Amino acid sequence: MNLRINSFEQYQHDYRKSISNPALFWDEIASEFQWKKKWTNTLNWNFEEPKIEWFKDGKLNITENLLDRHLEKNGNKIAFHWEANNPGKKSKSITYQELYQEVCKLSNGLKSLGVQKGDRICIYMPMIIESVVAILACARIGAVHSIIFAGFSSNALADRINDAQAKIILTSDGLNRADKKVDLKEMVDSALESCSSVEHVIVFDCIHSQPNMLKDRDIDYHELIKNQSAHCEAEEMDAEDMLFILYTSGSTGKPKGVVHTCAGYMVYVAYSFQNVFQYEENDIFWCTADIGWITGHSYTVYGPLLSGATSVLFEGVPTYPDAGRFWQIIDKFKVTQFYTAPTAIRSLMTFDERLIEKQDLSSLKLIGSVGEPINEEAWNWFFQKIGKSNCPLIDTWWQTETGGVMLSGLGGLSPMKPTYAGLPLPGINPTLLDAEGNEITSPNTEGYLCIKTPWPSMIRTTFGDHERCKLTYFSHFKGYYFTGDGAKRDENGMYRIIGRVDDVINVSGHRFGTAEIEDAINKNKYATESAVVGYPHAIKGQGIYAYVVVNTEMEDESKIIRSIIESVNQHIGKIAKPDKIQIVKGLPKTRSGKIMRRILRKIAEGESTNFGDTSTLLDPSLLDDIIEGAK
């Protein structure tokens, strides 16, 4: 299956075709996959309700497309190289044939416990091959997987289990993270004190901690699969049947369960994977995202496997045992495409460059960024130091709700511009709207980023609460999917993401994206990282409040602050000068590396308690320091 665009001219042709006749365009792409029964209608949609149906009446199973179809020709090809947290531990590899057998054994094990099509299964596991097996075993038998990042607390875990009404939990005794071992089974036991839907907990032995196993409820993973057949018929799924639920935090209330369906998600993640990364037959792909996030779903598991790719799966962290670990792994496996987050890049920039110089890195053909806009300094460092100035750098914009990459370069085929995500992929029809919902046609004008028409991998609903889906994504601008992001578009149609719309600050009638101001601050010699928010200002309407992490002991704080102001003046102008600059030890981040700006906004407004859902915070103790400093 080759879905790859081979030139910029072909991209332009395909893009025009995909917008003028989306049904015909996606009809041809979808025909490349294996179906049990062909669809009767490619697309029905209505953004008012919203109701989106792709490949209506089509029948398939996604695992037949990512396992069975590869076995005859590529059964012995490596699906994953697994690298352990501890570099002294031997890495493991698994072929497509071996992965197929492991998936079938666990599928049969789940069926023996009474799991049926439509049942929800929560997966709370580390970055190990068995986590991928667990995901695919659910998909094979038609169970709906809901992966919960293995850094979540027991309370956050319980919230998600209860919302999904999960029947089974798949977990491990624990996980390895740098020089620590984390007890996952204990977290599950604690969570289940307030969850009534769970019938069984399947426990994989990862750190050999011999956890407490509850009779009749808890089952050893190895015992469950030991005598199971290595063949399992794939359940016939409707195109619009649920494939998975993935929870994403809102600024208020409980996390939202974003629902993705079988066919549309399959078609779009395979198509986007092959084109964004310009994947070729013998490439070695590495996406560093945890499988608990959408990036891990789409570009660690589903996209690469659908394309018959070989990927790297890494259990550890980029700074253990030292900050050269990413670069060592790239050389070890001869990685060709490397996809990571700006947070990781900004962190690794602060370490001794000799850690990079020790490695060759010449296998790299492409480097990519995901998760948030990448500032210019980090972009240049990544491009020059890791890509050696000859690898295309793709800055991808997309969301949990979009399922796959929406705005991006296509490998080296399309233009690159620091801080710009780039052009829309074929099938993606973005626009910028003003506050009244009018389309903005003039270049370099900020607006609300919306999508005019559906694409195959888009959110269908929020689990158990369709009204919430409608209110969050389809009610701000009637007839559009609202991304929640502000953006601008240059003369060539390339998009720059400014940040969440509540991260756009209106100072005396002038609009500034927080990402733009952060970019200016981060260029300062003292600044390691920053987060900018708006707060009420008596004269300007909104003032600019900057939280800045610095790379030096503060001998003279006022000197550092003056220097930072000068950087903003220099790169944007005095109109964007921060009204308040607070030097902080660190920024409150989710475990996926996103800065929790809504919390910083509340602190800037004088709030010291009511912060909503903080279950995703990596280090909650930082908040006390920031609150104290703000006083």
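**Ground rules.** I number residues from 1 along each chain as its sequence is written, and side-chain values use heavy atoms, with hydrogens and water left out. Since I am reading a predicted model, local features need pLDDT of at least 70 and side-chain atom pairs count only at pLDDT 80 or more, while totals for chains, interfaces and linings use all residues.

Next I looked up the neighbours of β16. It pairs with β17, residues 310-314, in the parallel sense over two bridges (strands pair if DSSP finds at least two bridges between them). F285 stands opposite S311 in β17. From β16 the chain passes through helix α10, residues 294-306, to reach β17, and this β-α-β crossover is right-handed (with the strands pointing away from the viewer, the path from the first strand over the helix to the second runs clockwise). β16 also runs parallel to β18, residues 337-340, joined by three bridges. There W286 has F338 as its bridge partner.

**Entry 1: α1 against α2.** How are these two helices set against each other? I find α1 (residues 8-20) and α2 (residues 22-30) packed at an angle of about 120°, with their axes 5 Å apart. Axes here are lines fitted to C-alpha atoms, for helices over the stretch in contact, and angles run from 0 to 180 degrees between N-to-C directions. The two helices α1 and α2 are therefore oblique (under 35 degrees is roughly parallel, over 145 roughly antiparallel, 65 to 115 roughly perpendicular, and the rest oblique).

On the α1 side I noted D14, K17, S18, I19 and S20, which meet P22, L24, F25 and E28 of α2 (contact means heavy atoms within 4.5 Å). The residues of this contact are four nonpolar, two polar and three charged (Ala, Val, Leu, Ile, Met, Phe, Trp, Tyr, Cys and Pro count as nonpolar, Asp, Glu, Lys and Arg as charged, the others, Gly among them, as polar).

**Entry 2: an open sheet.** Four strands line up as β23-β24-β26-β27, with antiparallel pairing. β23 (430-433) and β27 (495-500) are the edge strands, each pairing on one side only. The twist averages 45° from one strand to the next. Inside the sheet, four bridges join β24 (residues 447-451) to β26 (residues 481-489), and G447 has A487 in β26 as its bridge partner. Helix α16, residues 514-522, lies across β26 and β27, at about 95° to β27.

Entry 3: Most residues other than glycine have a negative phi, and most peptide bonds are trans. I looked up the exceptions below.

- The E49 to P50 bond is cis, with omega near -10°; P50 sits in the loop between β1 (41-46) and β2 (51-56).
- The Y320 to P321 bond is cis too, with omega near 0°; P321 is in the loop between β17 and α11 (325-333).
- F55, in strand β2, has a positive phi of about 55° and is buried at a relative accessible area of 0%.
- N444, in the loop between β23 and β24, has phi near 60° and is partly exposed at 39% relative accessible area.

Note on methods:
Buried means under 20% relative accessible area, exposed over 50%, partly exposed in between (1.4 Å probe, protein chains only).
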